[in-house]
Amino acid sequence: MADLTINKVETRILDVPLFRPHGFATTTATAQPILLVTVTLENGVVGFGEGVVPGGPWWGGESVETMQAIIERYLAPVMVGRPVNELSGILVDFEKVVANDRFAKAAVDIAMHDAWARALDIPLADLLGGAFRKELDVTWALGVLPLDEAVGEVEEKIAETGHKSFKLKMGSGDPATDTQRISELVEKLGDRVSFRIDVNARWDRLTALRFLPKLAEAGVELFEQPTPAHDLDTLREITTRIGVPVMADESVCSPADALEVVKRQAADVIALKTTKLGGLKESAKVAAIAETAGLACHGATSLEGPFGTAASLHFAAATPAISYGTELFGPMLLKESYTTEDLVYENGVVKLPEGPGSGLEPDWDKIESFTRK
Ligand code: MUC
Ligand code: MG
């Protein structure tokens with residue numbers, strides 16, 4: 001068999017411009033920083049992973065700069081010289097040198113999975129049990145936008161790519177004004193498509209209990225992480241009191257977190273991001289916990305570029321626990337991507353690419369042009 005030994009691990013920071021600014025609860029991004037990680041095997045095969053957080057360290061404390069330092073200084077030395085099919089053991093050894101830092105671990109976990117699958121000449125999903133579906137529903141996320149611009153973008157996406165579900169970012173500015181903006185939008189377009197909100201943990205209990213019922217009345221179908229990550233009592237209260245399903249995002253960053261949400265009956269759905277969870281192996285544990293407990297999983301995103309999104313897509317295609325659709329639209333937010341072929345989005349779905357590994361190949365000229373100097 002070809003030599004599967006990991007020969008080198010390389011990283012570079014890309015700053016990839018967005019097609020429009022993306023407004024989050026506390027910051028607005030005009031470009032997405034992506035740490036592109038390559039794992040090269042002795043046989044010459046190269047696997048790709050991406051270290052990505054949504055728009056900066058405000059989300060979970062990590063950034064492309066911290067991930068680069070952690071990977072180069074601490075994780076790469078654990079990997080180099082070992083066969084990539086020792087992945088489980090490599091992950092165990094990561095925990096001996098780096099606590100937490102799950103976004104950084106996800107980038108290398110995915111690059112190793114990709115290299116391993118490419119070396120075997122099989123799709124990444126085959127390493128994860130095999131794809132039982134070839135396309136997945138995709139929710140489009142709008143950043144914080146004024147009402148008229150939001151209406152325009154929803155209309156455009158319905159016409160262009162057939163999206164049927166939209167996520168609206170909240171949590172910036174005055175909650176009453178924000179609630180009014182979203183209610184008007186849902187009133188205008190809610191008979192054609194569905195809307196959900198993501199407050200990114202920014203409201204306190206009383207604000208949530210005051211404004212979420214108004215959003216429920218307006219027809220919002222799902223509340224994503226309205227209140228702080230640690231406060232599972234309040235999340236449970238919202239889950240049981242208002243009658244709209246609640247999705248835990250910031251509250252679930254590990255399998256232990258997922259177990260706690262299950263035990264406390266704090267949510268109906270878990271936002272499963274392969275990035276925040278530390279990669280595909282840890283994501284599988286969260287999926288198993290949720291599925292066993294009767295909670296749905298949503299194939300969520302940290303706004304990964306093409307390689308990270310494709311990896312999450314292979315995971316979702318092979319994981320029945322992801323029963324609540326996906327929001328794997330990251331590459332569509334980029335003005336221009338950096339693979340030779342783009343992922344295909346149409347009729348509100350994204351298609352699983354074919355070919356070994358993630359199924360995507362790098363466009364090195366574009367990668368060079370986005371590389372931070
Ligand atoms: C998040 O918190 O869900 C996903 C889509 C988006 O606009 O932001 C991300 C992060
Ligand atoms: Mg979220």
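Biologist: How many residues surround ligand 1?
Modeller: The closest are His22, Trp59, Lys167, Asn200 and Lys273. A residue is near if one of its heavy atoms lies within 4 Å. The shell around ligand 1 holds 15 residues.

Biologist: What kind of model is this, and how is it numbered?
Modeller: Residues count from 1 along each chain as its sequence is written, chains are lettered from A and ligands numbered from 1 in the order written, and side-chain values use heavy atoms, without hydrogens and water. Local features need pLDDT of at least 70, side-chain atom pairs pLDDT 80 or more, while totals for chains, interfaces and linings use all residues, and the model is predicted.

Biologist: How far is a polar side-chain atom of Asp198 from an oxygen atom of ligand 1?
Modeller: A polar contact here is a pair of N or O atoms within 3.5 Å. For Asp198 the value is 3.0 Å.

Biologist: What share of the 280 Å² that ligand 1 exposes alone does the protein bury?
Modeller: Areas come from the Shrake-Rupley method with a 1.4 Å probe. The buried share is 100%.

Biologist: Which domains supply the shell around ligand 1?
Modeller: Bounds come from an automatic or database domain assignment. At least three shell residues come from each of domain 1 (2-121) and domain 2 (127-351).

Biologist: How many residues does the contact take from domain 2?
Modeller: The domain centres, over C-alpha atoms, are 23 Å apart. Contact means heavy atoms within 4.5 Å. Domain 1 gives 35 residues, and domain 2 gives 46 residues.

Conventions
A polar contact is a pair of N or O atoms within 3.5 Å; within protein, one must be able to donate a hydrogen and the other to accept it, and residues adjacent in sequence count only if both atoms are side-chain atoms.
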